[in-house]
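Here is a short report on one protein model. It covers strands, salt bridges, the core and the surface.

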Amino acid sequence: SHRLVKTVAPMTHLLTRKLLSTITLALLSFALSAAVARAQDSKIIKVVGNLQGATITRDGATIPITEGMTVQVKDVINTGAGVDVYVQPYLGVVATINENSHVGLSMLAANDAELDLTGGGNVVAQIEPNKGHKFGVRTPKGVAAAKGTIVRYSTSNGSFQVTVLGGTVIVTPVLANGQLGTPVSVVGGQQ
């Protein structure tokens with residue numbers, strides 16, 4: 001009986017240490033996941049011009065834009081005359097939504113975001129080079145994906161224009177039947 005007590009005590013101590021290690025690892029994992037989720041938050045970083053002309057449409061409601069405001073997937077950023085809104089979909093990408101534009105955040109993940117410009121307007125995006133970013137803008141005629149560049153996207157009356165200032169943008173057109181067409185590379189200095 002004395003020998004049984006000596007055997008059980010070290011096992012209980014070992015199990016307690018393992019349980020505490022597991023709980024600590026779980027809490028650390030949860031904290032890290034929360035930090036990553038915060039790092040992926042899309043947000044308004046600056047508004048220049050007529051602040052009253054900048055709103056977000058979220059779940060059918062119109063909300064005035066404020067600097068630091070979180071932008072959620074499916075939100076639409078609306079800019080009126082005389083206002084530009086700077087959005088950071090995630091760290092490493094800044095998109096300037098120019099006046100008289102309607103731009104939705106259609107997708108957001110780690111180092112991956114897509115803005116929807118099918119509502120019309122202009123977006124200028126600056127993407128940090130050589131970091132593996134996947135950033136694209138959906139237009140009425142296709143998706144233009146940019147990596148490590150400065151690019152301007154414009155849509156008007158169902159057409160679109162992509163102007164690349166540096167780097168490369170891959171434009172994948174959407175055909176009349178809804179299928180994706182052959183991707184085309186647009187390099188710096190081209191439209």
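Glu114 sits in strand β9, residues 112-116. Strands here are DSSP runs of E with at least two residues, and helices are runs of H or I with at least four, both numbered from the N terminus. The model is predicted: local features need pLDDT of at least 70, side-chain atom pairs count only at pLDDT 80 or more, and totals for chains, interfaces and linings use all residues. Residues are numbered from 1 along each chain as its sequence is written, and side-chain values use heavy atoms, with hydrogens and water left out.

Glu114 is buried, at 14% relative accessible area. Buried means under 20%, exposed over 50%, and partly exposed in between (1.4 Å probe, protein chains only). Leaving aside neighbours within four places in sequence, Glu114 contacts Gly104, Leu105, Ser106, Met107, Gly136, Arg138 and Val143. A contact means heavy atoms within 4.5 Å.

## Salt bridges

How many salt bridges does the structure hold? There are two. The term requires a side-chain nitrogen of Lys or Arg within 4 Å of a carboxyl oxygen of Asp or Glu.

One pairs Glu114 with Arg138; their closest N and O atoms are 3.2 Å apart. Arg138 belongs to strand β11 (residues 134-139) and Glu114 to β9, so this pair ties together parts 24 residues apart in sequence. Glu114 is buried, whereas Arg138 is partly exposed at 31% relative accessibility.

Arg58 and Asp75 also meet through their side chains, at 2.7 Å from N to O. Arg58 lies in strand β2 (residues 54-58), and Asp75 in the loop between β4 (70-71) and β5 (76-79), so the pair ties together parts 17 residues apart in sequence. Arg58 is buried, with a relative accessible area of 17%. Asp75 is buried too, at 2%.

## Nonpolar core

The largest nonpolar core has 34 residues. Such a core is a set of buried Ala, Val, Leu, Ile, Met, Phe, Trp, Tyr and Cys residues joined through side-chain atoms within 4.5 Å. Those with the most contacts inside it are Ile44, Ile65, Ile77, Phe135, Val151 and Tyr153.

What does Ile65 touch, not counting residues up to four places away in sequence? Its partners are Ile44, Val47, Leu51, Ala54, Thr55, Ile56, Ile77 and Val85.

## Whole protein

The secondary structure comes to one helix and 14 strands. Of the 191 residues, 33% count as buried. Among contacts between residues at least 6 apart in sequence, 41% join residues at least 24 apart.

The accessible surface is about 11100 Å², and 60% of that belongs to carbon and sulfur atoms. Areas come from the Shrake-Rupley method with a 1.4 Å probe; for residues, only the protein chains shown count as cover.
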